[in-house]
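The points are set out by topic and may be read in any order.

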Amino acid sequence: MPKYDFTYKPDKTPMQEKTAIVLNTPFAQDVRKGLTDYPKHLSSKYFYDEVGDKLFQDIMAMPEYYLTDCELTIFKTYKEDISGFFQGQGDAFSIFELGAGDGKKTKILLKELIVKNVDFDYRPIDISQNALQLLKASIEREIPEVAIKPLQGTYFDTLADIARHNGKRKVILFLGSNIGNLLHPQAVEFLKNIRTILNEEDLVFIGFDQKKHPQKILDAYNDQAGITEAFNKNVLARINKELGGNFDLDNFLHWEVYDPETGTAKSYLVARKAQRVSIKTLDLTVDFKQWETIHTEISQKYDDEIIKWLADKAGLEITAHFSDPKDHYRDYIFKRKTP
């Protein structure tokens with residue numbers, strides 16, 4: 001496993017060269033709000049830049065991070081069944097993948113659809129333009145038969161683009177238990193928004209990490225090699241690099257907690273000592289007390305009862321589900337519930 005250097009390295013780029021940074025960008029606005037709120041918080045979507053993308057690839061390769069292997073096992077075991085659902089009655093369709101990342105798992109299904117000579121195109125969506133460029137290049141290299149049309153944006157922003165789709169049947173993928181980054185009320189609202197853009201034959205395919213032994217969950221987000229720590233701290237590194245911050249990353253502790261009652265895992269950055277941080281581009285000074293926290297991420301875990309409740313609240317019905325042999329992880333297929 002790689003080791004990561006958390007030594008603070010000041011950004012020596014002259015401030016006059018940072019004029020491209022616009023103060024009303026979502027990143028700048030969210031950083032200002034998150035670090036002036038109580039308690040402090042920063043969104044996990046800002047983990048992802050070129051460095052963060054690579055760190056997340058490393059996380060998915062960790063032995064502790066069981067989610068990727070579980071979903072890969074499901075896809076390899078049930079690729080014919082899953083692709084059969086996607087194929088439907090044989091009409092052309094588009095696959096939209098929210099938070100596509102490197103597409104490693106999705107490629108299994110894409111290859112199966114190509115083998116079956118199915119008429120489809122692939123439209124990966126990700127907040128990271130870097131991730132999309134790498135994914136497009138790898139698809140064109142490995143599966144050149146796939147028509148790929150990437151779209152940059154957040155899950156919520158791109159739903160409107162999906163709604164304006166050209167009339168083909170839609171299959172919407174949301175893998176890796178990314179839905180777990182949303183609290184239940186947010187997840188219901190998100191699924192309701194998806195429901196509004198679904199036609200009768202459209203499908204939604206979502207991965208849900210299941211409740212299991214609490215220690216296994218904690219280990220997945222707190223590996224010994226420090227990869228998850230580096231990923232969590234990358235939001236501070238981005239503030240330093242892009243907004244002229246002077247966070248000393250060594251002054252913050254990566255901390256993970258899990259509540260087995262609610263199924264909620266939370267990630268924090270905890271101030272090891274009292275300190276003052278300045279963010280020049282925002283003209284902002286932030287004071288931290290010793291042991292004060294910045295909440296950065298949630299990772300929700302599920303059981304059948306919760307998933308059925310989410311679907312009912314959102315106006316969806318479960319068509320099928322697939323599980324790994326240990327039932328640590330499940331992929332569900334939903335369609336629009338008819339009145």
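Predicted model: local features only at pLDDT ≥ 70, side-chain atom pairs only at ≥ 80, totals over all residues.

**Notes on backbone geometry, cores and helix packing**

1. P39 lies in the loop that runs between α1 and β1 (40-41). The peptide bond joining Y38 and P39 is cis, with omega at about -5°.

2. N117 is not a glycine, yet its phi is positive, at about 60°. N117 sits in the loop between α4 (104-115) and β3 (120-126). With a relative accessibility of 69%, N117 counts as exposed, because the cut-off for that class is over 50%.

3. The second case is W291, again a residue other than glycine, whose phi is positive and near 70°. W291 belongs to the loop that links β10 (284-288) and β11 (293-300).

4. L23 is placed in the segment before α1 (26-36). L23 is partly exposed, its relative accessible area being 48%. Although L23 and T281 are 258 residues apart along the chain, their C-alpha atoms are separated by 7.6 Å. Setting aside residues up to four places away in sequence, L23 touches T281 and L282, and also A28 and Q29.

5. The largest nonpolar core of the model comprises 70 residues. Those with the most contacts inside this core are L35, F86, I95, L236, I239 and F247. Helix α3 (residues 66-87) supplies the largest share of this core, namely eight residues. Another core lies apart from it and has 29 residues, including F96, I162, L310 and L316.

6. What does L236 contact once its neighbours within four places in sequence are left aside? The partners are L42, F247, L249, F252, L269 and I294. One of them, F247, is itself listed with L236 among the residues with the most contacts inside the largest core.

7. Helix α2 (residues 50-60) packs against helix α9 (residues 227-243) at an angle of about 155°, and their axes are 9 Å apart. Angles over 145 degrees count as roughly antiparallel, and α2 and α9 are therefore roughly antiparallel to each other. The crossing of α2 past α9 is left-handed. On the α2 side the contact is formed by V51, G52, L55, F56, D58 and I59, which meet I227, T228, A230, F231 and N234 of α9. By class, the residues of this contact are seven nonpolar, three polar and one charged.

8. Helix α7 (residues 184-196) and helix α10 (residues 304-314) form another packed pair, with an angle of about 50° and axes 8 Å apart. The relation of α7 to α10 is therefore oblique. Their crossing is right-handed. From α7, the residues H184, A187, V188, L191, K192 and R195 meet I306, W309, L310, K313 and A314 of α10. This contact divides into seven nonpolar residues, one polar and three charged.

Conventions: Residues numbered from 1 in each chain as written. Heavy atoms only, no water. Core = buried A, V, L, I, M, F, W, Y, C linked by side-chain atoms within 4.5 Å. Buried < 20%, exposed > 50% of the residue type's maximum accessible area, 1.4 Å probe, protein only. Helix = DSSP H or I, 4+ residues; strand = E, 2+ residues; numbered from the N terminus. Contact = heavy atoms within 4.5 Å. Axes fitted to C-alpha atoms, helices over the stretch in contact; angles between N-to-C directions. Parallel < 35°, antiparallel > 145°, perpendicular 65-115°, else oblique. Left-handed = near helix turned anticlockwise from the far one by under 90°. Nonpolar A, V, L, I, M, F, W, Y, C, P; charged D, E, K, R; others polar.
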